Amino acid sequence: MAIQRINILGVGVDLCPPEELEEKILDMLNKPGAKQIVFLSVWDLLKARRHGEFAECVRNADLVLPISKSILSGAKFLKKTVPVRYNPFTTVINILSILENHFKSLYLLGGRKKTVMAAEKNVSATFKGLQIVGRYVGYYPKSVENDIVQAIYKASPSLVLVSEGIKEKHCWSYTRRNSFSSSIFLYYKDIIGIFGDRIRRVDEKTFDRGHEVWHELLRNPIKFFLLFKWIWYNILLIWYRSFKKEE
C-alpha cells in the first residue's frame, strides 16, 4: 500500500492513519530485504536535516512515524496535512499484536542480560502466539557483532526490536541492511527496559498532553538544553513558511 509522505523542513514524515497500520506492516513483511520503522521526534527531525548516515536512514525508512507534538504543530503551521502522532510504547504493543495475530516472530536486541531475559519472559506471557526466535544483550564487544548479525540472518525474524546499549541506534540496521534477507527493524531505546520492568513508561495522559519532555528531564536534567533546539526549530518553521517552498 502507498502511504503519503510529506516534507517538514526537508525531512520526510508519513501520513499513516492508525487503521492502516496493520496493512502497512503486513505489506512490509511481504517485501524482501531489511525494512525499517523510525519513531521520529522533533530532535531527530532536526538531526535528519543534516547530511550524514542518520539523514539517509530516515530518508530511506519504510515508515517514519512522528512522536512529537511539535512535528504536528509544525505541519499545521506550514499548511500541510497534519500527520497522526504515535505513542512509541502503544505502537510497539499494536505491532506485536499484529504479528501475533499472523503467527510471526520477534528478536530482541539490547539491554542488560537480566533485563532482556525478563523482557523475553514478559513478552512471551503476554503475546502467546508470537514466537521469540532470539535475543542478545546490548553493550556487547565489537568482536561478537558478526555473530549477532548472522544469528538474526539465520533466524529471519519478522521484527527486530532494537533497544538501549546499541550505540548506532536507528542506524544499526541501516548500515547492515545488506546483511539481512528479511525482517523489520525498529529502534526504541526504552522498550526492553519497559518490558523488563526496569524502566517506567510515560503515562498515556502525559504523552497525549505533549508533556513527556518533563519525564525526560527528570531522568536526565542536561536535556534542559534541548530548549535551544526547540527555539531553533520554530525559527526554521517561520523561515520555511516565509521564504522557502517545499515540494
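Which residues are buried in helix 12? Select helix 12, residues 226–243. Leu226, Tyr233, Leu236, Leu237 and Tyr240 are buried there (buried means under 20% relative accessible area, exposed over 50%, partly exposed in between, with a 1.4 Å probe and protein chains only).

Before going on, note that this is a predicted model, in which local features need pLDDT of at least 70, side-chain atom pairs count only at pLDDT 80 or more, and totals for chains, interfaces and linings use all residues. Residues are numbered from 1 along each chain as its sequence is written, and side-chain values use heavy atoms, with hydrogens and water left out.

**Stop 1: helix 12**

Stay on the buried residues of helix 12, Leu226, Tyr233, Leu236, Leu237 and Tyr240. They cover an arc of only 105° around the axis, so they sit on the same side of helix 12 (the arc is that of the directions from the helix axis to the C-beta atoms). An α-helix has 3.6 residues a turn, so residues three or four places apart point the same way.

Now turn to the face away from the buried side. Phe228 and Phe243 are there, both exposed.

Next, show what covers the buried residues. The cover includes strand 1 (5–8), helix 2 (42–48) and helix 4 (69–77) (contact means heavy atoms within 4.5 Å; helices, H or I of at least four residues, and strands, E of at least two, are DSSP runs numbered from the N terminus).

Helix 12 has 18 residues and reaches 26 Å from first C-alpha to last, close to the 26 Å expected (1.5 Å times one less than its number of residues).

**Stop 2: a salt-bridge network**

Select Lys142, Glu145, Glu168 and Arg176. A network of salt bridges links them (a side-chain nitrogen of Lys or Arg within 4 Å of a carboxyl oxygen of Asp or Glu).

Start at lysine 142, which is exposed at 60% relative accessible area. Its salt bridge to glutamate 145 spans 3.3 Å, N to O. Glutamate 145 is buried, at 10%. Glutamate 145 also pairs with arginine 176, with the closest N and O atoms 3.0 Å apart. Glutamate 145 lies in helix 7 (residues 145–155) and arginine 176 in the loop between helix 8 (171–175) and strand 8 (184–187), so the pair ties together parts 31 residues apart in sequence. Arginine 176 is buried as well, at 10%.

**Stop 3: lysine 31**

Finish at lysine 31 and aspartate 27. Their salt bridge has its closest N and O atoms 3.7 Å apart. Lysine 31 is partly exposed, at 38% relative accessibility. The salt-bridge count comes to seven.
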